[in-house]
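Could you walk me through the side-chain contacts in this structure? I would like to follow the charged pairs and then the aromatic rings.

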Amino acid sequence: CSGCEQHKEKKCAATKFWNLGTGTIIYEADLDHADANRLTKFADDYPEETASCYNNLNKVLELLNGGISLQSIGVNFFRSEGGGLYAVGQKRTEKSLETRLYVAFNQYEKKYYLLGIGDKDSQKKDIRKYQKVITDKQL
């Protein structure tokens, strides 16, 4: 993603919703393995859901920065999908689409990898796809 034209022009979803939280983020983002096209299209089609997921990701980062371990985070919008993959969710309301932002973490390097986004219908496929990215790229 960091090499995509949209990212360079600050139009990529990864930069569009970047750090909407107010805390100091110690964890560094790695966007090199992000599905930039999907992130951008999803953000264009579902901006409120996308913003909610990024806000929830910032809450997770603030907990990590506050010293909470990844395994100890106990918020209802964050869950492990196995294989090092985590889903940051946004619960569906009557007018919104249930959405998940997929990330991986390296706690030792204080880095997180933004991988992609999807909805309930694509959940199983998304989990397999992003777990494979984590394995193949050794994230």
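D126 and R38 join their side chains in a salt bridge, with 2.5 Å from N to O. Keep in mind as you look at it that this is a predicted model. The partners come from distant parts of the chain, with D126 in helix α5 and R38 in helix α3, 88 residues apart. Their surroundings are worth a look too. D126 has a relative accessibility of 0%, so it counts as buried, the cut-off being under 20%. R38, at 23%, counts as partly exposed.

Stay with helix α5 for another contact. K129 and D35 meet through their side chains in a salt bridge of 2.7 Å, N to O. K129 lies in helix α5, which covers residues 123-137, while D35 sits in the loop between β1 (28-30) and α3 (36-45), so this pair ties together parts that are 94 residues apart in sequence. K129 is partly exposed, at 37% relative accessibility.

A further salt bridge, between the side chains of K132 and D136, has an N to O distance of 2.6 Å. Here both residues belong to helix α5 and are four residues apart, about one turn of the helix. D136 is partly exposed, with a relative accessibility of 47%. In the whole structure, a search finds seven salt bridges, and the pairs described here are among them.

Now for the rings. How many aromatic pairs does the structure hold? There are seven. One of them joins F78 and F105, whose centres are 6.1 Å apart with 75° between the planes, an edge-to-face arrangement. F78 lies in strand β2 (residues 78-82) and F105 in strand β4 (residues 99-106), so the pair ties together parts that are 27 residues apart in sequence. F78 is buried, with a relative accessible area of 8%, and F105 counts as buried at 12% relative accessibility.

F105 has another ring partner in Y86. The centres of these two rings are 5.7 Å apart and their planes stand at 75°, so this pair is edge-to-face because the angle is over 60 degrees. Y86 belongs to strand β3 (residues 85-90) and F105 to strand β4, so the pair ties together parts that are 19 residues apart in sequence. Both Y86 and F105 are buried.

Notes. Residues are numbered from 1 along each chain as its sequence is written. This is a predicted model: local features need pLDDT of at least 70, side-chain atom pairs count only at pLDDT 80 or more; totals for chains, interfaces and linings use all residues. Side-chain values use heavy atoms; hydrogens and water are left out. Rings of Phe, Tyr and Trp (its six-membered ring) pair if their centres lie within 6.5 Å; planes under 30 degrees apart count as stacked, over 60 as edge-to-face and the rest as tilted. Helices (H or I, at least four residues) and strands (E, at least two) are DSSP runs, numbered from the N terminus. Buried means under 20% relative accessible area, exposed over 50%, partly exposed in between (1.4 Å probe, protein chains only). A salt bridge is a side-chain nitrogen of Lys or Arg within 4 Å of a carboxyl oxygen of Asp or Glu.
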